[in-house]
Amino acid sequence: MHLTIPELEKKAAKIRLRSIEMIETAGGGHIGGSLSAMDIMTALYFRIMKVNPNQPKDPNRDWFILSAGHKAAGFVPVLSERGYFGDELLNTFNKLGSPFGMHPDKNKIVGCEVSTGSLGHGLPMAVGIALSLRMDKLDSTVYCLMGDGENHEGTVWEAAMGAAQHRLGNLVAIIDYNKCSMDGPIDSIVSLEPIVDKWKAFGWHVIRIDGNDMAQVVAAFEQERPAGKPCMIIADTLKGKGVPSIEGDYHWHYGVLNEKQLEQARRELGGKCNG
Amino acid sequence: MAKDGLSMADIEKMSARDAFGEALAKAGETYPNLVLLGADAIGSTRAAAFMKKFPERTFNFGIAEQEMVAAAAGFAIRGKIAVATAYGFLLSLRACEQVRTDVCYQNLNVKLMATHTGLSMSDAGTTHHSTEDVAIMRSFANMTIVAPSDALETVKAVNAVLAYEGPVYLRMGRGSLSAVNTGDYDFIIGKAITLQEGTDLTIIAYGIMVNEALIAAQKLAAEGIKARVVNMHTIKPLDVECVLKAARETGAIVTAEEHTVIGGLGEAVAATTAEYHPVPVIKVGLQDCFSVFGPEDGVRNAMGLNAEHILAAARVALERKHR
């Protein structure tokens, strides 16, 4: 699938709205980070990655790992929209017996490659997958979407060193840098800055973009990468992107919109879907 | 030639650690999808024998055990048999969450091959002793725990563990210098081996403590007490049938392990008998204390882990049985 930038923008608006409605039905969800990362996930699944929902285990596929597992409320509507399973299943989100919980389970969700939730696990697992793909001489890329607060975990930096040491040119990580962690603005908790210099110093090819600008997101994925180097895309984003009244507010790590906010979301995003 | 590809004569000359390395290297031929992951201890864990033969299937992560175990999960997701090697305390303590969440929760074919477990790095002290690993690993769903007692059994255990599909913690110490298992035999995960029959009490042990159990049984025999000795090489899943048979037929049990008595084999056995057939179960192991450092024999003695301690426990068990 290869959508154009305007098509991707519409698609992202549509899935954002679906994610919001799903969270309404569930009575709660990690809304802020699910919305901030939506443009990145949409670009990957509807243009960048080689994936086939009819053959989810196609050996030649690209791999997506949601290291920031709490963004599952954004991720599972992406999978559904891409055709891995029916939309109606999303109404079971967070319900007993549902394949979907707050954090994704690879043994329950078609199209989900790795179970995540506890932070700092996705990147080192991605390193193992990338090494094994290279060992099998497969031309596939591993995309690992991380949160920003996750960079506080030491295992992220173990994997940062390991990926550079093993010259994993088939690994692309993205940080959804919405600058909010659970307790407050990330700079008031433990700052990641200078984040570009840090990843560069660890031997990665680093690109910094506006992660809510679809043209920039696509360009970042499509530009040529230096061989033998893992790539890090620092994506500046807005927490809660798409619902103006909650954008950039760290309190919206987890929650559910009230009637008025929901109305606003439907108006804003609905307009973009059709515009 | 033993069933396991290495000759019995060769195995007899090996330490358990060397046997591990040789068995793994041999298995590399059988399993083209076997990969070895190390954390800057490939040499001292003796996994180097595999690395030498299959450098393209060996991956060193440096002193980053958490990354190594998570990466092993990544390899296993792609259908590899991922063998992650490190000292026991690092796999069980440092990489604990990766073992629980990445390996066991996802139920992946990762083999955690732990060396230097128990007190075997005696002079390195408590920081390097693995005396809680069995308790930790036992508590994880989907996990299997195997602990061989000598070089021959190490070879058999490595092969059995690789043939088994799912997460395994293979617990190897320095290994007994004396062979406790004689001749060739079938090693089946979850099926304990009765090394010596007896009717008065049963000593159940794993790892290096199996040899101590045999020495204690000999001393008891000199007093006319017939002790059954069981090599419980698989701690999880426990051979419940064997434990209950021992409870019914001998009426008293002593467990012996190079591990804390909290959460180890002793508690597993006691929980099983308590549920089905209560008998006295006396637990030999570290009694809720940290270890000391020094030469191996001295440390084991100080921590209450030799044949004399098993003998003393046996007397208590017999007294309670007849009370």
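The crossing of α5(A) and α4(B) is right-handed. Please keep in mind that this is a predicted model.

**How helices pack**

- Two packed helices are described by the angle between their axes and the distance between those axes.
- A second pair sits within chain A: α1(A) packs with helix α3, residues 38-48, at an angle of about 120°, and the axes are 9 Å apart.
- That angle makes α1(A) oblique to α3(A).
- As α1(A) passes α3(A), the crossing is right-handed.

**Backbone details to look for**

- In chain A, the peptide bond that runs from E193(A) to P194(A) is cis, and its omega is near -5°.
- You can find P194(A) in the loop between α7 (186-189) and α8 (195-201) of chain A.
- In chain B, the peptide bond from K236(B) to P237(B) is cis, with omega near 0°.
- P237(B) belongs to the loop that lies between β10 (234-236) and α10 (240-250) of chain B.
- H116(B) is not a glycine, yet it has a positive phi of about 55°.
- To locate H116(B), go to the loop between β4 (110-115) and α7 (133-138) of chain B.

- Rolling a probe the size of a water molecule over the atoms shows where empty space is left.
- How many cavities of 30 Å³ or more are there? The count comes to 3.
- The largest cavity holds about 100 Å³ of space.
- Its lining is made of 13 residues, and those nearest the centre of the largest cavity are T117(B), G173(B), G207(B), I208(B) and E258(B).
- Sorted by class, the lining of the largest cavity has 4 nonpolar, 5 polar and 4 charged residues.
- Which domains of chain B does this lining draw on? Domain 1 (8-171) and domain 2 (193-322) of chain B each give at least three residues to the lining of the largest cavity.
- The second largest cavity has a volume of about 40 Å³.
- Around the second largest cavity you will find I15(A), R18(A), P77(A), S80(A), E81(A), D87(A) and L90(A).
- From chain A, α1 (5-26) and α4 (72-82) each supply at least two residues of the lining of the second largest cavity.
- Which helix gives the most to that lining? It is α4(A), with 3 residues.
- The lining of the second largest cavity divides into 3 nonpolar, 1 polar and 3 charged residues.

**An open space: the largest pocket**

- About 340 Å³ of space lies in the largest pocket.
- The largest pocket is lined by 21 residues, and L119(A), G149(A), S181(A), M182(A) and H253(A) are the closest to its centre.
- What classes of residue make up the lining of the largest pocket? There are 4 nonpolar, 11 polar and 6 charged residues.

Key. Residues numbered from 1 in each chain as written. Chains lettered and ligands numbered in written order. Predicted model: local features only at pLDDT ≥ 70, side-chain atom pairs only at ≥ 80, totals over all residues. Heavy atoms only, no water. 1 Å grid on protein atoms, 1.4 Å probe; cavity = no way out; pocket = protein on both sides within 12 Å on 5 of 7 lines; lining within 4 Å. Points joined across faces, edges and corners; volume = space filled by probe spheres on them. Nonpolar A, V, L, I, M, F, W, Y, C, P; charged D, E, K, R; others polar. Domains from an automatic or database assignment. Helix = DSSP H or I, 4+ residues; strand = E, 2+ residues; numbered from the N terminus. Axes fitted to C-alpha atoms, helices over the stretch in contact; angles between N-to-C directions. Parallel < 35°, antiparallel > 145°, perpendicular 65-115°, else oblique. Left-handed = near helix turned anticlockwise from the far one by under 90°.
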